[in-house]
Amino acid sequence: MILSERINTFGQDLLRRHGERVHKIALDAGFTCPNRDGSKGRGGCSFCNNISFSPHADARLDLAAQIAKARLAILRRTRARKYIAYFQAYTNTYAKVEALEALYREALKEPGMVGLSVGTRPDCVSSDVLDLLNRFRDQGLEVWLELGLQSAFDKTLERVKRGHTFAEYQKTAEKWNVLNALETELRQRGARQGSRVGTPFLTEELRHVA
Ligand code: SF4
């Protein structure tokens, strides 16, 4: 059975909308996490192992060098020439919004970039960050926000030392969904449509929770 015949996979959806394959490039922009540096907790979630989450991202290299390295590997493997800058390692909204904007722009100016995917925690996404992502979306870029949840049960979140509650996830997801709903309404009224905004789902980090 071919999976893409049964479900609309993310890869197939990008292929359809961009007319060619789009590959995510995982980046380590040198962030840390409030659940590691003492703001929320120390030592991080019980399953935190960013080297395994982003084995090819390398904070010792600047973003352009990480992208160039990944581009070569991708070309050999899949020949994709369009990319999404995937800010994956640690908490990728954990900085002043001006610093975030500079980093995101630095990645977006690289050849072939069609958008951004930002991995973060639900308690680390301010309205300013949502506005910033929305502005990129309005420029016609792919914009995906990945909110880590791990569990909808506060007891489990406590056991894995997650440092936030399910209610905090719901609140941020709700704010993001309101933006999505606004976008849909504008589209229905015939206003200029930016490229698609990701609805928050559980992130890849789920794979690391037994
Ligand atoms: S939120 Fe992510 S980066 Fe932060 S401690 Fe947990 S797993 Fe690690």
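The secondary structure of the chain consists of 8 helices and 4 strands, and the model that shows them is a predicted one. Read from the N terminus, the elements follow the order α-α-β-α-α-β-α-β-α-β-α-α. Of the 210 residues in the chain, 34% are buried, and among the contacts with a separation of 6 or more, 80% are between residues 24 or more positions apart.

The 4 strands make up an open sheet, in which they are arranged in the order 1-2-3-4 with parallel pairing. From one strand to the next, the twist averages 20°. In general, the strands of a sheet pair through backbone hydrogen bonds, and they may do so in a parallel or an antiparallel manner. The table lists two of the pairings in this sheet, each with one bridge as an example.

| Strands joined | Direction | Bridges | One of the bridge pairs |
|---|---|---|---|
| Strand 2 (residues 82–87) and strand 3 (residues 113–120) | parallel | 5 bridges | Phe87 and Val118 |
| Strand 3 and strand 4 | parallel | 6 bridges | Gly115 and Glu142 |

Helix 5 (residues 97–108) lies across strand 1, strand 2 and strand 3, and its direction makes an angle of about 140° with strand 3.

**The nonpolar core**

The largest nonpolar core comprises 40 residues, and within it the most contacts belong to Ile25, Leu27, Ala85, Tyr86 and Leu116. Two or more residues of this core come from each of strand 1, helix 4 (63–77), strand 2, helix 5, strand 3, helix 6 (127–138), strand 4 and helix 8 (166–188). The element that gives the most to this core is strand 2, with 5 residues. When neighbours within four places in sequence are left aside, Tyr86 is in contact with Lys24, Ile25, Ala26, Leu27 and Ser117.

The C-alpha atoms of Leu145 and Ala173 are separated by 9.6 Å, while the two residues are 28 residues apart along the chain.

Is Lys40, by contrast, buried or partly exposed? Lys40 belongs to the loop between strand 1 and helix 3 (50–53), and it is classed as partly exposed because 18 other C-beta atoms lie within 10 Å. Apart from neighbours within four places in sequence, the residues in contact with Lys40 are Pro34, Asn35 and Gly163. Lys40 and His164 are 8.5 Å apart in space, C-alpha to C-alpha, and 124 residues apart in sequence.

Conventions. Residues are numbered from 1 along each chain as its sequence is written. This is a predicted model: local features need pLDDT of at least 70, side-chain atom pairs count only at pLDDT 80 or more; totals for chains, interfaces and linings use all residues. Two strands pair if DSSP finds at least two bridges between them. Axes are lines fitted to C-alpha atoms, for helices over the stretch in contact, and angles run from 0 to 180 degrees between N-to-C directions. Two residues are in contact if their C-beta atoms, placed from the backbone, lie within 7 Å. A nonpolar core is a set of buried Ala, Val, Leu, Ile, Met, Phe, Trp, Tyr and Cys residues joined through C-beta atoms within 7 Å. A residue is buried if 20 or more other C-beta atoms lie within 10 Å of its own, exposed if 12 or fewer, and partly exposed in between; C-beta atoms are placed from the backbone.
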